[in-house]
Every structure is written in C-alpha cells, then in structure tokens.
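User: Please work through the structure shown here in a series of questions and answers.

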Amino acid sequence: MTSPAFLGALCLALSCLGSARGLGRSDDLEWGKLIMVHHWPATVCQEVRGHCKDPPNYWTIHGLWPDKSEACNRSWPFNPQEIKDLLPDMKRYWPDLLHPSNCSLQFWSHEWKKHGTCAAQLDALNSQWKYFSKSLDLYKELALSSVLQKLGIEPSTDHYYQVSDIRDALVSVYKVVPKVQCFLLEKGQEVQLLGQMELCFSKDLQLLNCTHAGEPAARGQGAWPSLGLHVCEDGPVLYPPLDQTKL
C-alpha cells in the first residue's frame, strides 16, 4: 500500500514546475466577464460513480473562468509553492472531486493554465496567488450553500423544485441573474438533476447578469470527463442529497 507521505511527495514533484512567467496580450485573448462556477458534489459524483471519495456536502468551486479566452500564456506554469498559504482553503473549497488521489494539484494546475492565465489580464488577478486567493474570496462572499439554505432550498430525495423558483430566489439575494445548470436526462431518469451554478462578475469584480437560459454551459471541463451539463430547462429539478451508497 502506498503511504500518504509518498503520495504527497509525488504530487508535489509532478506539479512543481517552476514559476516562469511573461503574460502576453492580444485582441483574440480579450474577454468580457468572469464566471464563478460552483458545482454540487452529490450530483457530480452520482454522475461519475466510482471516481469520488468522501465528497463534501456543500457547494464547491469548479473555477473562475473568463468567458471568451483560454490558455492565454502557455509559458506560465502552475507553481503550488506560490499558493502554499492558501492550501487549507483550497483543499476545503476547491477540491478535485473526480481525482482525489492526486491531491487536487493537477486540477488546480489545469484551472490556472486554462483560465487563470487569461484572468491575469486584470491587475487584481495577475499572479497565481492573486487568482486563487480572489477566487476563494468571491466564493466566500457569495456563500452559495448558506444562501440556498436560508432560502429554504435544500437537498431532498422526494421534493422537486422548479428551476424558475431557484433562479428567482437567487436573484432576490444577488440582484443579478445566475445560470442554473443541470445534467442531461438519461434513460430511466424522470427529472433533471441540479449540478452547477454560475454567477458572473465584471472586470471590476462586480456582480452582473450571466448569459440567459438557452445557451450552453460555460466551457472549462477539459480536465474532467464529459459531464453532460446544460442550462436547466424550465420545469422540475431534483437537488439530490449526498448519498455515499451511490458514489
């Protein structure tokens, strides 16, 4: 059996690639807004059974994504040493649900290289520490899990919510329109499953409306299997509780 110490050393060795940088800009890398993407572990893990291990029972971060650009600077590798003081919060609020054995470092590396190097066009996000730290700050300020609970929207196996009710309830708190995302119905499923929430920010990090229903979910799932996410159709949705027997 591989020891935890060995796994930790291996993860660090694989991910510690140095801190070379040199942010470049060009017109085709410009973007308009940032998308704070939350996912619901119970649904994600139910859809990809066998991957998750002890997922948390609260909404976690999938990423902070510019809306139009990706991989803006391939010469700026992820360096976990730059965010070592953030690791306790990163592990708690930004875990890699699907690959828990890799210490989440590969997931964070993917998020940095694909999205963080583009978000770094903003002074407030122009380093790895700033990008991950500000993402954590925004996540905590939004407090999505607590907000849903206060609104009376809680996981249930026998109660369906209306997508419009969830969306309208969140608008009443955040004063902007979020994007509510579900997993596509599979054969035998009677109702769509709530899986992901997006809340959007302007370049000055103020909340603003996300794109409206009918458009696809945001990009950015390259490090994960195809999850089949889409903007929820108006109608009933199941917000499932965490069930270890289905993981």
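Predicted model: local features only at pLDDT ≥ 70, side-chain atom pairs only at ≥ 80, totals over all residues.

Analyst: Residues are numbered from 1 along each chain as its sequence is written, and side-chain values use heavy atoms, with hydrogens and water left out.

User: What is the mean pLDDT of the protein chain?
Analyst: pLDDT is the predictor's confidence in each residue, from 0 to 100. It stays under 50 over residues 1–27 and over residues 220–225. In the protein chain, 78% of residues reach 70 or more, and the mean pLDDT is 83.

User: What share of the residues of the protein chain count as buried?
Analyst: The chain holds 7 helices and 8 strands, taken as DSSP runs (helices H or I, at least four residues; strands E, at least two) numbered from the N terminus. Buried means under 20% relative accessible area, exposed over 50%, and partly exposed in between, with a 1.4 Å probe and protein chains only. Of the 247 residues, the buried share is 51%.

User: Which residues have the most contacts inside the largest nonpolar core?
Analyst: A nonpolar core is a set of buried Ala, Val, Leu, Ile, Met, Phe, Trp, Tyr and Cys residues joined through side-chain atoms within 4.5 Å. The largest has 54 residues; apart from it lies another core, of 8 residues, among them Cys45 and Leu229. In the largest core, the residues with the most contacts are Leu34, Trp108, Phe132 and Met197.

User: Which residues does Phe132 touch, not counting residues up to four places away in sequence?
Analyst: A contact means heavy atoms within 4.5 Å. Phe132 is one of the residues with the most contacts inside the largest core. Beyond four places in sequence, Phe132 touches Phe78, Ile83, Leu86, Met90, Trp94, Trp108 and Trp112.

User: How many residues apart in sequence are the parts that Lys140 and Asp89 tie together?
Analyst: A salt bridge is a side-chain nitrogen of Lys or Arg within 4 Å of a carboxyl oxygen of Asp or Glu, and Lys140 and Asp89 form one at 2.5 Å, N to O. Because Lys140 lies in helix H5 (residues 128–142) and Asp89 in helix H3 (residues 87–93), the pair joins parts whose separation in sequence is 51 residues.

User: Is Arg167, the salt-bridge partner of Asp234, buried or exposed?
Analyst: The closest N and O atoms of Arg167 and Asp234 are 3.1 Å apart. Arg167 lies in helix H7 (residues 163–174) and Asp234 in the loop between strand S7 (229–231) and strand S8 (236–238), so the pair ties together parts 67 residues apart in sequence. Asp234, at 60% relative accessibility, counts as exposed. Arg167, at 17%, counts as buried.

User: What arc do the buried residues of H7 cover around the axis?
Analyst: The buried residues of H7 are Val163, Ile166, Arg167, Ala169, Leu170 and Tyr174. They lie on the same side of H7, because their arc around the axis is only 160°, an arc being that of the directions from the helix axis to the C-beta atoms.

User: How many salt bridges does a search of the whole structure find?
Analyst: Among them is the pair of Lys179 and Glu198, with the closest N and O atoms 3.8 Å apart. Lys179 lies in strand S4 and Glu198 in strand S5, and both are buried. The search of the whole structure finds 5.
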